[in-house]
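This report covers a single protein model, shown below with its sequence.

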Amino acid sequence: MRDDTMDETTGESSDESKDAAVTATRKAAALEAFKDMAREPGVAKPDPILVVDKVVRRFGGLTAVDVEHVEVQRGAITALIGPNGAGKTTFFNQLTGFDTADAGTWTFNGRAMSGVPAHKVARAGMVRTFQLTKALSRLTVMENMRLGAQQQKGESFWRALVPGFWRSQEQEITERAEELLVRFKLDAKRDDFAGSLSGGQRKLLEMARALMVGPELVMLDEPMAGVNPALTQSLLGHVKDLREQGMTVLFVEHDMDMVRDISDWVIVMAQGAVIAEGPPSTIMSDERVIDAYLGAHHDAPLSDTELQAQLHDAEAELEAEIEEETQK
Ligand SMILES: Nc1ncnc2c1ncn2[C@@H]1O[C@H](COP(=O)(O)OP(=O)(O)OP(=O)(O)O)[C@@H](O)[C@H]1O
């Protein structure tokens, strides 16, 4: 039963103040772990949940991922950033068993995971979110949630053999789905097609679906992409909430405001490799990161011709914008 007695000094119910205390503690613990940490790619973490060594993925002649060593701290929110084509999504796919690495090893909670198929990786406690595909959009919100559990548990064998066992599992799955839908304020949409949800609601469903297996490490692929600014804060709150519930979060994101707002630590990839790590407040002023985003040699002086070309492009863009505005 909830204890709703009020704290006279803060005016909060004691449950609320307890929640706030937990939030402060988890955040503080995460920040404490990164205090004084060397800002070097591959730097050792005090309590890593994930440790990656020499992972390589090639597509023909292109090396999409070539990560020498990286560690992810347990209980923290870590952002994985980098310019387009840096290899972030490919790296996520290797780690979660959705694609096979050409080389390398990694451990999750000390357990070797290379070569382990996706549903077993999920069962071990490491899940990634997926954007809603066309097929999933045609299912209801509830069906998506149930699929999140079934697909990842890979228990069709048991389902066929032991119907009684499966029925009790089914009930458990439905209850867990209901609980998560309430938490993500999607319960009123449970019977709507996932395709009819707004951009922000889809992101919530993607997150809720990943939580069906009760993961320890949640990997979010661009959780803010296509989200209406009005829903931004609510989504950020849900991501922070994962940490408060004791989960570890690793997310890929281009939106630097979000990275600064919620991450405890940032890992930067460029051309397949981890090139820098550091706290969100200073990472974007790291020379290696500036180089990666702007392309090498940005500090070499521009030739006259290059300068003219840049000015010309900027003017053309500005004119196009003005024209667009006047036509509205
Ligand atoms: N299935 C594939 N076949 C061939 N090349 C691929 C494949 N998947 C990714 N690549 C290439 O690998 C490189 C890394 O791509 P990836 O999508 O992992 O980068 P990213 O950092 O996630 O980029 P973005 O931020 O734009 O999503 C790119 O050059 C991409 O074109």
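## Model and domains

The model is predicted. Its protein chain is divided into domain 1, residues 17-294, and domain 2, residues 302-328. Taken over C-alpha atoms, the centres of domain 1 and domain 2 are separated by 39 Å.

## Surroundings of the ligand

Around the ligand lie Phe59, Leu62, Ala64, Gly82, Asn84, Gly85, Ala86, Gly87, Lys88, Thr89 and Thr90. Two or more residues of this shell come from each of strand E2 (62-73) and helix H2 (88-95). Helix H2 gives the most, with three residues.

Sorted by class, the shell around the ligand has six polar residues, four nonpolar residues and one charged residue.

## Helices H8 and H9

Two packed helices are described by the angle between their axes and by the distance between those axes. For helix H8 (residues 199-210) and helix H9 (residues 229-244), the axes come within 10 Å and cross at roughly 10 degrees. Because angles under 35 degrees count as roughly parallel, H8 is roughly parallel to H9.

Which residues of H8 meet H9? On the H8 side they are Gly200, Lys203, Leu204 and Met207, and their partners in H9 are Leu231, Leu235 and His238. By class, the residues of the contact of H8 with H9 are four nonpolar, two polar and one charged.

Technical notes
Residues are numbered from 1 along each chain as its sequence is written. This is a predicted model: local features need pLDDT of at least 70, side-chain atom pairs count only at pLDDT 80 or more; totals for chains, interfaces and linings use all residues. A residue is near a molecule or strand if its C-beta atom, placed from the backbone, lies within 6 Å of it. Helices (H or I, at least four residues) and strands (E, at least two) are DSSP runs, numbered from the N terminus. Ala, Val, Leu, Ile, Met, Phe, Trp, Tyr, Cys and Pro count as nonpolar, Asp, Glu, Lys and Arg as charged, and the others, Gly among them, as polar. Domain bounds come from an automatic or database domain assignment. Axes are lines fitted to C-alpha atoms, for helices over the stretch in contact, and angles run from 0 to 180 degrees between N-to-C directions. Angles under 35 degrees count as roughly parallel, over 145 as roughly antiparallel, 65 to 115 as roughly perpendicular and the rest as oblique. Two residues are in contact if their C-beta atoms, placed from the backbone, lie within 7 Å.
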